[in-house]
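Q: Hi! I've just opened this one and would like to talk it through with you. Could you take a look?

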Amino acid sequence: TRLWQSQFGVDAAQSTEVSAWRSAFSGSQDLLVRARIASFESTSIEDYLRKIDTLFARDRAAAVRNVVRAHYPAFEQWWNEASRANRDSRVTALQRALESPPLEGELPKLYRFFAVPADSSRVLHLALLYRPVEGEPQHTTGEFLGDDWSVAEFAPAEAIGNRLGVILHEYTHYVFAKMRASDRDALRAAITANPEHGAAAWSLFNESVATAVGNGRTFRTLAADADWQSYYRRDKSFYYDDAVDTSAKAILPLIDSMLDGSGSVKSPAFTAGYYDALATHLGDLWRSPGLVLGEFKALADDRFDKSIFDVAFREFHAHSMWFDTKPCCGAEFEQWWKDSADVTRVVVIHKINAAKSLRLDAKVAKDFAALGEGTPGYTIAHRGAFTDIIIVGDTVASLEFAFHAIAQLRALEDGVYAVSSQKGVAPWAPAAPH
């Protein structure tokens with residue numbers, strides 16, 4: 001409230017604009033995190049506003065856009081000045097901490113664990129992004145951008161130990177990316193070999209290992225024992241996503257033994273221990289959208305532009321996605337379906353082509369085609385370690401809404417569904433579509 005008043009000249013307690021802004025974010029820690037990640041990925045304020053449209057329902061998106069447009073210039077000036085005042089001391093403190101034992105010894109362990117070639121580049125460039133909050137934030141965000149770059153937030157009152165955890169988390173992503181392609185392919189094959197949950201276990205791998213290393217081992221090294229115990233027991237303390245938080249805590253003893261011993265991801269003992277730890281702790285999280293859709297191939301009816309999958313990628317928090325467009329629903333469509341049998345498949349079909357698809361039951365296709373304008377439908381079918389999702393819609397907005405609705409489910413269960421802005425996702429009822 002003081003920030004709005006002192007920097008933007010707005011009485012936050014009385015402003016309907018600020019009230020609408022707060023309401024847009026109310027009740028969802030996940031939405032706050034996703035909005036920050038969208039800002040990391042944006043190349044301009046206009047790009048960020050376009051991403052806002054995919055994160056919020058239309059009325060909430062309008063409220064967020066209005067506030068951003070009105071106050072971004074003043075915010076940017078204040079943010080840069082505040083960041084500059086805190087930046088140098090924070091960089092110095094982080095550098096000293098990273099160079100001190102025992103953290104200095106963690107990096108060689110990571111390179112050995114991931115079997116990274118000795119001649120590989122080992123310099124990661126980290127951009128620190130100032131996050132203006134009072135006190136200690138519950139969560140801060142980092143992002144590995146690929147190649148040799150990462151970004152990470154820092155808050156003025158945040159303990160150095162918390163920030164180091166996020167930095168080691170991002171550095172673990174970086175080292176994983178340095179693996180030989182053949183070794184990474186072999187690791188993927190070993191983990192996905194499990195016929196029930198192998199695909200989900202692989203989907204979790206990169207994020208859960210990075211979280212166990214950075215948010216687990218590193219924090220534990222620097223924290224007092226009582227602080228560590230409290231932190232470890234707290235729900236979603238390692239990571240804001242249930243599945244990643246649970247899996248990272250489950251594999252922490254395994255990661256400890258591998259890094260402190262002579263273990264490697266190439267060891268059968270590691271892949272077996274990794275899967276067993278997840279199987280013991282994940283329960284119904286195995287079928288959460290983030291796991292099922294962490295890696296998938298996507299195909300769109302060429303009545304839609306393949307850019308629609310930018311939304312799917314963000315909504316599903318996918319780490320790997322391959323996508324294409326083809327005319328629906330002839331030989332090329334069917335060939336893609338057959339060629340993609342070794343991964344989860346997401347197919348998008350225009351409503352007028354639903355009856356042409358060989359992958360939809362004739363009655364379901366007819367019912368989907370009869371849905372009202374702007375109302376999408378979809379089917380979910382699990383097949384062993386993989387899943388098939390077919391989405392039928394008539395507009396880009398309807399598809400974006402379907403992606404968002406699917407991402408909000410706790411678990412993806414087999415069935416036929418329709419979506420509406422009034423009732424969300426519901427099992428199919430042909431006489432009265434939901």
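Q: How much space lies in the largest cavity?
A: About 50 Å³ in this predicted model. A cavity here is a set of points, on a 1 Å grid over the protein atoms alone, where a 1.4 Å probe fits but cannot get out. Grid points are joined across faces, edges and corners, and the volume is the space filled by probe spheres set on the points.

Q: How many cavities of 30 Å³ or more does the structure hold?
A: One.

Q: Which residues line the largest cavity?
A: Leu299, Phe333, Glu334, Trp336, Trp337, Val347, Ile349, Ser357, Arg359 and Ile390. Lining residues have an atom within 4 Å of a point.

Q: And which elements give two or more residues to that lining?
A: Helix H15 (331-339) and strand S6 (344-350). H15 gives the largest share, four residues. Helices (H or I, at least four residues) and strands (E, at least two) are DSSP runs, numbered from the N terminus.

Q: How do the lining residues divide into nonpolar, polar and charged?
A: Seven are nonpolar, one is polar and two are charged. Ala, Val, Leu, Ile, Met, Phe, Trp, Tyr, Cys and Pro count as nonpolar, Asp, Glu, Lys and Arg as charged, and the others, Gly among them, as polar.

Q: Before we go on, what are the ground rules for the model and the numbering?
A: Residues are numbered from 1 along each chain as its sequence is written, and side-chain values use heavy atoms, with hydrogens and water left out. As this is a predicted model, local features need pLDDT of at least 70 and side-chain atom pairs count only at pLDDT 80 or more, while totals for chains, interfaces and linings use all residues.

Q: Changing topic: which cysteines does the disulfide join?
A: Cysteine 328 and cysteine 329, with an S to S distance of 1.4 Å. The structure holds one disulfide, meaning a pair of cysteine sulfur atoms within 2.5 Å.

Q: Are those two cysteines buried or exposed?
A: Both cysteine 328 and cysteine 329 are buried. Buried means under 20% relative accessible area, exposed over 50%, and partly exposed in between (1.4 Å probe, protein chains only).

Q: What kind of peptide bond joins cysteine 328 and cysteine 329?
A: A cis one, with omega about 5°. Cysteine 329 sits in the loop between strand S5 (320-326) and H15, and H15 is the helix with four residues in the cavity lining.

Q: OK, now the largest nonpolar core. Which residues touch the most other members?
A: Phe113, Phe114, Phe205, Ile255, Phe270 and Tyr274, out of 48 residues in that core. A nonpolar core is a set of buried Ala, Val, Leu, Ile, Met, Phe, Trp, Tyr and Cys residues joined through side-chain atoms within 4.5 Å.

Q: Which elements give two or more residues to this core?
A: Helices H6 (106-113), H7 (160-177), H8 (181-192), H9 (198-222), H10 (225-233), H11 (242-260) and H12 (268-281). H11 gives the most, with ten residues. There is also a second, separate core of 28 residues, which includes Val292, Ile308, Ala318 and Ile391.

Q: What is phenylalanine 205 in contact with?
A: Leaving aside neighbours within four places in sequence, Phe114, Phe176, Leu187, Ile191, Val265, Phe270 and Tyr274. Contact means heavy atoms within 4.5 Å.

Q: Leu187 is on that list. Why does leucine 187 count as buried?
A: Because its relative accessibility is 4%.

Notes:
1 Å grid on protein atoms, 1.4 Å probe; cavity = no way out; pocket = protein on both sides within 12 Å on 5 of 7 lines; lining within 4 Å.
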